[in-house]
Amino acid sequence: MKILAWNYSYLEEIVSLWNRELGSDFPMKKTLFKQNSFQDQNVCPDASLIALDNGNVIGFIVAKIWQEKLPVQMSETTGWIQVLLVDQSYRNKGIGTKLLSQAETVLFNRDVKQILLGRDPWHYFPGVPINDERTKHWFAARGYESYGTEHDLLQTYTRKNAITKPDLPEVEFSILDIEEKEDFLMFLNRCFPGRWEYEAMKYFELGGTGREFIVMKKYGQIIGFCRINDPQSPIIAQNVYWAPLFEASLGGVGPLGVDAAERGHGYGLTVVEAGIAELRKRGIQNIVIDWTGLVDFYKKLGFDVWKSYESFKKSIEEQVVKHEEESSRIPAK
């Protein structure tokens, strides 16, 4: 077995391995893997590795740290393991442990204080798929701690379902015009700095024109938004990653947010309804909301849990303390 540095020339073999192992639940397309695991500037090439046997890809790991020079609030002491996968016929031979250990060493040497499984910029998952008990136990045995559960939700409409667009006298809903780009980014920076602001910045950088955002305005000012995605979107967004599982087109709703000063009026649910109405108008019947814990909130609109994930993290401080405690229990010779 050989371990190589991250290398784009192995894209096709890596995607083939993914689909053999995970494709029934999470079918991967080369365009998506290229977008999230090669083109993302936050991929850490020293910590992302490929395992080969007789020239064939038998495993890989993708690790990330924040590296983009953007005026946005993202943690520089957090590292992410985007994905770690080993061919089933090569498991229980220490390959995954070796890949993870090498990646962790690089990340901790880059002053990373904690490592999250998934949740990275351009992530695939917000954690480990909840039914994958073997993987959860494997990471727990290597110092990763569970700290929550996230869900992807799904709603399927029929053509007979009425398209209901909200109508409130004091607010208006519209598709974001490209001329409103700077106002919208300023709104996100003020109300939702961090990941959502970053994702919007990258959306425009990669050719977005505004059609993926529904904005809610009051007296002409943006007070809320809802992201929507469909097959014509310029990037493959999180809530439409697994579109190959559906015969009909898949759409996505989220994230969404309302200015804190305007909350308490039901605007959050309303702006989601506006997003759904626009997707239905575009002919989308299957709609996914990804990475959320607000199951009861979205059930009001008929969404049910589709996929679930258990979140895991590993803290360098906790590992050091644990090591010191174990060392202190060793009798002196």
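Predicted model: local features only at pLDDT ≥ 70, side-chain atom pairs only at ≥ 80, totals over all residues.

Q: Good. Which residues of helix H5 are buried?
A: In H5, residues 181–191, they are Phe 184, Leu 185, Phe 187, Leu 188 and Cys 191.

Q: What do the buried residues of H5 pack against?
A: Helix H6 (195–205), strand S9 (213–218) and strand S10 (221–229).

Q: Stay with H6. At what angle do the axes of H5 and H6 cross?
A: Roughly 160°, and the axes come within 9 Å. Angles over 145 degrees count as roughly antiparallel, so that is what H5 is to H6. The crossing is left-handed.

Q: Which residues meet there, H5 to H6?
A: From H5, Lys 181, Phe 184, Leu 185, Leu 188 and Asn 189. From H6, Trp 196, Glu 197, Ala 200, Met 201 and Phe 204. By class, that contact has 7 nonpolar, 1 polar and 2 charged residues.

Q: Switching topic. How far apart are the axes of H1 and H2?
A: 10 Å, for H1 (residues 11–22) and H2 (residues 30–37), with an angle of about 110°. That makes H1 roughly perpendicular to H2.

Q: Which residues in H1 meet H2?
A: Leu 11, Glu 12, Ile 14, Val 15 and Trp 18. Their partners in H2 are Lys 30, Phe 33 and Lys 34. The H1 contact with H2 has 5 nonpolar, no polar and 3 charged residues.

Conventions:
Residues numbered from 1 in each chain as written. Heavy atoms only, no water. Axes fitted to C-alpha atoms, helices over the stretch in contact; angles between N-to-C directions. Helix = DSSP H or I, 4+ residues; strand = E, 2+ residues; numbered from the N terminus. Parallel < 35°, antiparallel > 145°, perpendicular 65-115°, else oblique. Contact = heavy atoms within 4.5 Å. Nonpolar A, V, L, I, M, F, W, Y, C, P; charged D, E, K, R; others polar. Buried < 20%, exposed > 50% of the residue type's maximum accessible area, 1.4 Å probe, protein only. Left-handed = near helix turned anticlockwise from the far one by under 90°.
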